[in-house]
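I opened my notebook for a look through this one, and here is what I wrote down as I went. Come along if you like.

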Amino acid sequence: GETTKGSVIRHTVRSNSHFHWEMHHLVTVGCLARGYFPEPVDVKWNSGSITSGIKKFPSTYKDGLFSSTSVVKIATSEWDSGKLQCNVEHVATSTKINKEIPGKHSKQISIYPPTPKDLHITKEGKVRCEVSHMESAEDLTITWSRSDNKKILEFTSSPEQQHDGTYTVKSDLKITPQDWNKEAEFTCKIVDPSLPTPVIKTIKKERDTIKEPTIYLYPPAPEELGTHDFVNILCLFKKFYPENMYVQWKKDGVLQKEDYYLNTTPVMEEEEDYFMVSKLSIAKSDWMRGATITCIAVHDQVIQKEIKKTRGK
């Protein structure tokens with residue numbers, strides 16, 4: 001659609017922590033606001049109660065939208081003992097976003113969507129709620145609800161002790177691919193004596209943020225064909241979002257074992273898109289006889305691309 005002044009295309013507030021000054025027990029934490037129009041955004045830390053150690057970088061402009069970053073330098077002890085929150089206000093659109101940034105030792109509560117593999121391959125989806133960095137999990141309760149009022153089928157793990165002595169609990173809500181695609185909302189509620197109030201996390205399919213990958217398929221390098229019994233075919237996936245993707249390969253229509261290929265982890269490019277590479281190893285004789293190789297991206301949709309040796313090459 002058209003972009004008009006005063007509209008917000010997409011707000012993202014990201015937080016990155018970099019422990020640069022450990023010897024001084026200081027940490028620099030960043031808050032990035034992106035995808036807004038017009039200028040400006042107002043960024044505060046802990047609703048303005050933190051006033052020192054803040055640096056705001058000049059905003060950048062690309063494709064009709066602005067991005068800006070604010071960083072704060074804070075003592076690790078102060079961060080771990082209390083909450084650190086980035087407060088972003090965009091007056092032009094009356095938008096306010098508060099993003100809490102957990103300290104190294106404070107509880108972390110996350111909700112995760114079903115994976116593309118769950119939705120497309122096994123056809124058994126799950127939404128996961130995970131609570132980590134807990135001193136104790138004895139009195140923790142996690143309950144689920146769903147906007148479509150279907151039956152709740154959930155499994156909550158026993159607390160798992162981590163290397164640092166804290167505990168992690170995972171709770172999975174079973175859903176179907178149809179439930180997810182109909183954009184039902186799934187909510188987990190976490191109650192624990194250490195929390196001042198229950199924490200509620202909700203997730204649903206965000207259809208308008210999804211970008212399917214563009215696939216580029218590359219044949220073996222000529223140098224490989226001359227010297228090796230096995231050759232590599234590269235598949236490049238570009239400009240997809242979100243980052244979770246499952247890759248499959250076929251040779252003459254037959255799925256290849258995962259032992260035969262290697263994937264990089266998705267890497268974020270500009271504009272919050274991801275790219276990744278998958279490398280398939282096959283016998284040189286298969287390539288030379290003209291086997292059809294198919295690279296498959298299992299994302300929101302299933303997309304594939306084929307390649308084979310051209311005659312005379």
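**Entry 1**

I started at E183, which is partly exposed, with a relative accessible area of 28%. I kept in mind that this is a predicted model. The side chain of E183 meets that of R207 in a salt bridge, with N to O at 2.5 Å. I then looked up where the two sit: E183 is in the loop between α3 (177-181) and β15 (186-191), while R207 is in the loop between β16 (199-203) and β17 (214-218). The pair thus links distant parts of the chain, 24 residues apart. R207 is partly exposed too, at 41% relative accessible area.

**Entry 1: another pair from the β16-β17 loop**

Next I checked K205 and found its side chain in a salt bridge with that of D300, 2.8 Å from N to O. K205 lies in the loop between β16 and β17, and D300 in the loop between β24 (293-298) and β25 (302-307). These are distant parts of the chain, 95 residues apart. Is K205 buried or exposed? I read a relative accessible area of 4% for K205, and because the cut-off for buried is under 20%, K205 counts as buried.

I asked how many salt bridges the structure holds. The count is 14. One of them joins D148 to R146, with the closest N and O atoms 2.7 Å apart. I noted the accessibility of both partners: D148 is partly exposed at 29%, whereas R146 is buried at 8%. I also followed the shared partners, and salt bridges join R146, D148, K150 and D179 into one network. As a reminder to myself, side chains of opposite charge can pair when their charged atoms come close.

**Entry 2: S147**

Between those two I stopped at S147, which lies in the loop between β11 (141-146) and β12 (154-156). S147 is partly exposed, at 46% relative accessibility. Which residues does S147 touch, not counting those up to four places away in sequence? I found A184 and E185. The C-alpha atoms of S147 and A184 are separated by 5.7 Å, although the two residues are 37 apart along the chain. For E185 I found a polar contact as well: the side chain of S147 reaches its backbone nitrogen at 2.8 Å.

**Entry 3: the disulfides**

I then turned to the cysteines and found 3 disulfides. Counting bonded cysteines along the chain, I get the pattern 1-2, 3-4, 5-6.

- C31 and C86 are joined with S to S at 1.8 Å. The torsion about their S-S bond is about -70°, so this disulfide is left-handed. C31 is in strand β2 (residues 26-36) and C86 in strand β7, 55 residues apart. Both C31 and C86 are buried.
- C129 and C188 are joined with S to S at 1.9 Å. C129 lies in strand β10 (residues 125-134) and C188 in strand β15, so the link ties together parts that are 59 residues apart in sequence. C129 and C188 are buried.
- C235 and C295 have their sulfur atoms 2.0 Å apart. I read -95° about the S-S bond, and the link is left-handed. C235 is in strand β18 (residues 230-240) and C295 in strand β24, 60 residues apart. C235 and C295 are buried.

**Entry 4: the sheet with β7**

Since C86 sits in strand β7, I looked up its sheet. This is an open sheet of 3 strands in the order β3-β7-β8, with antiparallel pairing. Why is one side of β3 and of β8 left without a neighbour? β3 (42-45) and β8 (95-101) stand at the edges with a single partner strand each, so one side of each has no neighbour in the sheet. Neighbouring strands here are turned by 15° against each other on average, direction ignored. I counted 4 bridges between β3 and β7 (residues 84-90), and D42 stands opposite E89 in β7.

**Entry 5: the sheet with β24**

C295 took me to β24, which belongs to an open sheet of 4 strands in the order β20-β19-β24-β25, again with antiparallel pairing. β20 (254-255) and β25 are at its edges, each with a single partner strand, so one side of each is left without a neighbour in the sheet. β24 and β25 pair over 6 bridges in the antiparallel sense. Within this pair, I293 stands opposite I307 in β25.

How values were computed. Residues are numbered from 1 along each chain as its sequence is written. This is a predicted model: local features need pLDDT of at least 70, side-chain atom pairs count only at pLDDT 80 or more; totals for chains, interfaces and linings use all residues. Side-chain values use heavy atoms; hydrogens and water are left out. Two strands pair if DSSP finds at least two bridges between them. Axes are lines fitted to C-alpha atoms, for helices over the stretch in contact, and angles run from 0 to 180 degrees between N-to-C directions. A salt bridge is a side-chain nitrogen of Lys or Arg within 4 Å of a carboxyl oxygen of Asp or Glu. Buried means under 20% relative accessible area, exposed over 50%, partly exposed in between (1.4 Å probe, protein chains only). Contact means heavy atoms within 4.5 Å. A polar contact is a pair of N or O atoms within 3.5 Å; within protein, one must be able to donate a hydrogen and the other to accept it, and residues adjacent in sequence count only if both atoms are side-chain atoms. A disulfide is a pair of cysteine sulfur atoms within 2.5 Å.
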